[in-house]
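Subject: Handover of a structure and its findings

Dear colleague,

Please find below the structure that I am handing over to you. My findings follow it.

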Amino acid sequence: MTGDFNRIVYKHGSKIYNTVYSMLGNREESEEVVQEVFCEAYKSYASFKGDSSVTTWLYRIMMNVVSDHIKRKKRPPLIEDGLSIEEHEAVGNLPDTSESAENAFLKKQRLLHIRNALLKLPIPYRSVFVFSAIEGYNSVEIGKIMGISAGTVRIRLFRAVKMLRAMLAPTAAFKEEDNEKV
């Protein structure tokens with residue numbers, strides 16, 4: 001059993017971490033939550049019947065742990081630099097010399113603004129948005145992960161996009177001003 005579970009952790013660990021980080025926006029909290037996810041998964045591994053895929057099973061556990069974590073914290077998530085592990089590894093934290101420092105700064109500010117807006121969404125909307133836009137799952141797959149219907153997923157995704165647009169609308173004018181300067 002331990003060998004099988006180790007393979008699951010190895011195969012799904014970074015994806016679970018990136019999804020948790022997308023929902024929480026804080027590295028330390030994300031690491032704690034991921035550790036808790038795999039502890040819960042290990043405890044229930046013997047009772048896993050295979051009715052769903054391992055990925056779906058892990059994501060269901062992850063959703064429960066993230067929801068519990070947010071309820072315990074009862075404060076908005078903290079944002080760091082807005083990059084995932086893969087992005088840090090790919091970029092290596094080196095500045096991009098192909099664009100001006102001003103454009104790089106503005107681009108990073110926009111990214112942080114988008115991340116902050118995403119982190120302000122209520123967890124049911126943030127979850128479906130992360131699973132859809134960031135992880136690339138369709139509404140049926142998200143429904144299985146979250147234990148809701150595909151129709152509910154589509155409604156929540158529509159509302160999440162609407163809320164994000166409303167939160168980001170003030171930056172659209174800012175973006176147009178920046179483009180005029182260039």
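**Salt bridges**

Arginine 7 is exposed, at 53% relative accessibility; here exposed means over 50% relative accessible area, buried under 20%, and partly exposed in between (1.4 Å probe, protein chains only). Please note that this is a predicted model, in which local features need pLDDT of at least 70 and side-chain atom pairs count only at pLDDT 80 or more, while totals for chains, interfaces and linings use all residues. Residues are numbered from 1 along each chain as its sequence is written, and side-chain values use heavy atoms, with hydrogens and water left out.

The side chain of arginine 7 meets that of aspartate 4 in a salt bridge, at 2.4 Å from N to O. The term stands for a side-chain nitrogen of Lys or Arg within 4 Å of a carboxyl oxygen of Asp or Glu. Side chains of opposite charge can pair when their charged atoms come close. Aspartate 4 and arginine 7 are 3 residues apart in helix H1 (residues 2-24), and so about one helical turn separates them. Aspartate 4 is partly exposed, at 37% relative accessibility.

Lysine 15 and glutamate 135 meet with 3.7 Å from N to O. Lysine 15 is partly exposed at 35% relative accessibility, whereas glutamate 135 is buried at 16%.

Glutamate 36 forms a salt bridge with arginine 72, and their closest N and O atoms are 3.4 Å apart. The relative accessibility of glutamate 36 is 28%, which counts as partly exposed; arginine 72 is exposed, with 53%.

**Overall architecture**

The chain has 8 helices and 0 strands. Helices (H or I, at least four residues) and strands (E, at least two) are DSSP runs, numbered from the N terminus. Of the 182 residues in the chain, 36% are buried. Among contacts with a separation of 6 or more, 75% join residues 24 or more positions apart; contact means heavy atoms within 4.5 Å.

**Core and helix packing**

Which residues have the most contacts inside the largest nonpolar core? They are Ile16, Val20, Met23, Met62, Val66 and Phe131, in a core of 38 residues. Such a core is a set of buried Ala, Val, Leu, Ile, Met, Phe, Trp, Tyr and Cys residues joined through side-chain atoms within 4.5 Å. At least two core residues come from each of H1, H2, H3, helix H5 (101-120), H6, H7 and helix H8 (150-181).

Helix H3 (residues 54-73) packs against helix H6 (residues 123-134) at an angle of about 145°, and their axes are 12 Å apart. Axes are lines fitted to C-alpha atoms, for helices over the stretch in contact, and angles run from 0 to 180 degrees between N-to-C directions. On the H3 side, Tyr59, Met62, Met63, Val66, Ser67 and Ile70 take part; they meet Ile123, Arg126, Ser127 and Phe131 in H6.

Threonine 56, also in helix H3, is buried at 13% relative accessible area. Leaving aside residues up to four places away in sequence, threonine 56 touches Lys144 and Ile145.

Yours sincerely
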